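Keep the sequence and the 3D view open while reading.

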Amino acid sequence: MAANSERPQSPAPGAPAAAPRRKAGRHRGEGQWAMGHFTPLNGNEQVKKDDNGLNVRTRIETTYSKTGFDTIDPADLRGRMRWWGLYTQRKPGIDGGKTAILEPEELDDSYFMMRVRIDGGRLTTEQLRVIGEISQEFARGTADITDRQNIQFHWIRIEDVPEIWRRLEAVGLSSTEACGDTPRTILGSPVAGIAEDEIIDGSWAIDEIHRRYIGDPAYSNLPRKFKTAVSGSPLLDVVHEINDVAFVGVRHPEHGPGFDVWVGGGLSTNPKLGVRLGAWVSLEEVPDVFGGVISIFRDYGYRRLRNRARLKYLLADWGAEKFRQVLEDEYLKRKLTDGPGPEQPVERWRDHVGVHRQRDGRYYVGFAPRVGRVDGATLTKISELAQEHGSGRLRTTAEQKMIILDVARDRVDSLVAGLDALELQVNPSTFRRGTMACTGIEFCKLAIVETKARGAALIDELERRLPDFDEPLTININGCPNACARIQVADIGLKGQLVTDSDGNQVEGYQVHLGGALGLEAGFGRKVRGLKVTSAELPDYVERLLTRFQDQRTDGERFAQWVGRAAEGDLS
């Protein structure tokens, strides 16, 4: 019986038998506004009904920043502040075994993580310099590049938030709706407008979506977060398959370059790949179609149970055909053009690391920090290098990397040397290039294990042990089951949990997912029954696994392909 169905009642004695009762569908009572279900069905929905999350900014600026952390309303602290990119961070010294046991107020530190919204990953040197200065002055030097092209600070005091906002907004940045049940940062190709092989430049659409929808109260109360991607790159460089809505560059045989529309992707504990609607849209149509899709989510999305509130659940129940019909008939009021899907990418790496020629004859230079971790001083130096060697433009990527644009040929070597001096490698090892990690237990209240330091140490060990390994490979490390680091779609995905070591002790470790991929033959990784490793065993395990891959692979066989046919014993 569906969780939302009503319990059938027995007829009264002597009454005629009732007609067969039709089983209640999933849409009944799921908290869908379009179905007339406006009554809040969980605490989060009540908080949003009581006050729009966007309104908390006034209280931060006029009250909380002056009266201090202890005066913050709990509903603002653990709810509405997310609408402005603020999460309380984890109190130091709380081990992973207590993550699911302690109450929120026991996990909360009196400091915040702040996420800076960087739509399309586009930055100027001035913007990056300001981010670096904020990091050093207000965030104890912290600055992490995320896999959604943002930059995150830690150790932010509520007293400093208004000044940080003032400085960000003075250079055209903000933290508006960087978190919360809102339209999050829009992923965009980091080489939009400059790549020689680009199908279409989606930058205008990203800007127009931002102008029309971000910060608008009409779209700031969604059932859950809403993730968007727009890219015209044939490399499929914005992980379109795991976004709520994605616009993927394609060439229509009659209408020319435009976008293929995908909906309903997402990971976390119940991962689903997005599906094609089969619709081609022009660049000018993208903002309207975005508006239709996000409106469907707002109006028809499930609000009763928070763990079923992402768009992927609605899409799974409706199917692509019905979703497209509702989009066309109720929201766009017109039919969309049928169109082709994207071609398979010709390259495995999609992070744009290295030196690449632009369409104008200049070059862009992509480089790899360790697992997305940088610091304010380094960001300031990157800004200076970009200003000296380029035109003042930089990009972040969806793989926790950065790119400096518009570099003249005779300035490339000097720039590469400057980046190398900062330990930001332009020609990194497979392990430096392919390892990604979420925030982890250092700051995240949901985490169970360490991730950033573990990932950095793993890179060092694998570079030492397997110096000649040069096959493209991704290793994604996550501190909990929520998959912020995309563990299910990595070659080697590591989901943090407590495991039992050989002495019977509960220690930090990981459940292993193997053979996932996006872009090229997208699919979720294979879970081998009982395959878990302790943190201490991790370098040995990965070395053993990759050595077997090298010994057994056929010519041209990718790691994910080998995993698909390997015996379980060879994967353990």
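The model is predicted. Helices α5 and α11 pack with their axes 7 Å apart. Elsewhere, five strands, β17 to β21, form an open sheet.

**The helix pair**
- Helix α5 spans residues 125-138, and helix α11 spans residues 376-389.
- The two helices pack at an angle of about 160°. Angles over 145 degrees count as roughly antiparallel, so α5 is roughly antiparallel to α11.
- The crossing of α5 past α11 is left-handed.
- On the α5 side, the contact residues include Leu128, Ile131 and Gln136. On the α11 side, they include Leu379, Ile382 and Gln387.
- By class, this contact of α5 with α11 has 8 polar, 6 nonpolar and 2 charged residues.

**The sheet**
- The strand order is β17-β18-β19-β20-β21, and the pairing is mixed.
- On average, neighbouring strands are turned by 30° against each other, direction ignored.
- Strands β20 (residues 506-514) and β21 run antiparallel and are joined by 5 bridges.
- Tyr510 has Val533 in β21 as its bridge partner.

**The helix across the sheet**
- Helix α14 (residues 452-465) lies across β17, β18 and β20.
- α14 runs at about 155° to β18, which covers residues 475-478.

Key:
Residues are numbered from 1 along each chain as its sequence is written. This is a predicted model: local features need pLDDT of at least 70, side-chain atom pairs count only at pLDDT 80 or more; totals for chains, interfaces and linings use all residues. Side-chain values use heavy atoms; hydrogens and water are left out. Axes are lines fitted to C-alpha atoms, for helices over the stretch in contact, and angles run from 0 to 180 degrees between N-to-C directions. Helices (H or I, at least four residues) and strands (E, at least two) are DSSP runs, numbered from the N terminus. Angles under 35 degrees count as roughly parallel, over 145 as roughly antiparallel, 65 to 115 as roughly perpendicular and the rest as oblique. A crossing is left-handed if the near helix is turned anticlockwise from the far one by less than a right angle, and right-handed if clockwise. Contact means heavy atoms within 4.5 Å. Ala, Val, Leu, Ile, Met, Phe, Trp, Tyr, Cys and Pro count as nonpolar, Asp, Glu, Lys and Arg as charged, and the others, Gly among them, as polar. Two strands pair if DSSP finds at least two bridges between them.
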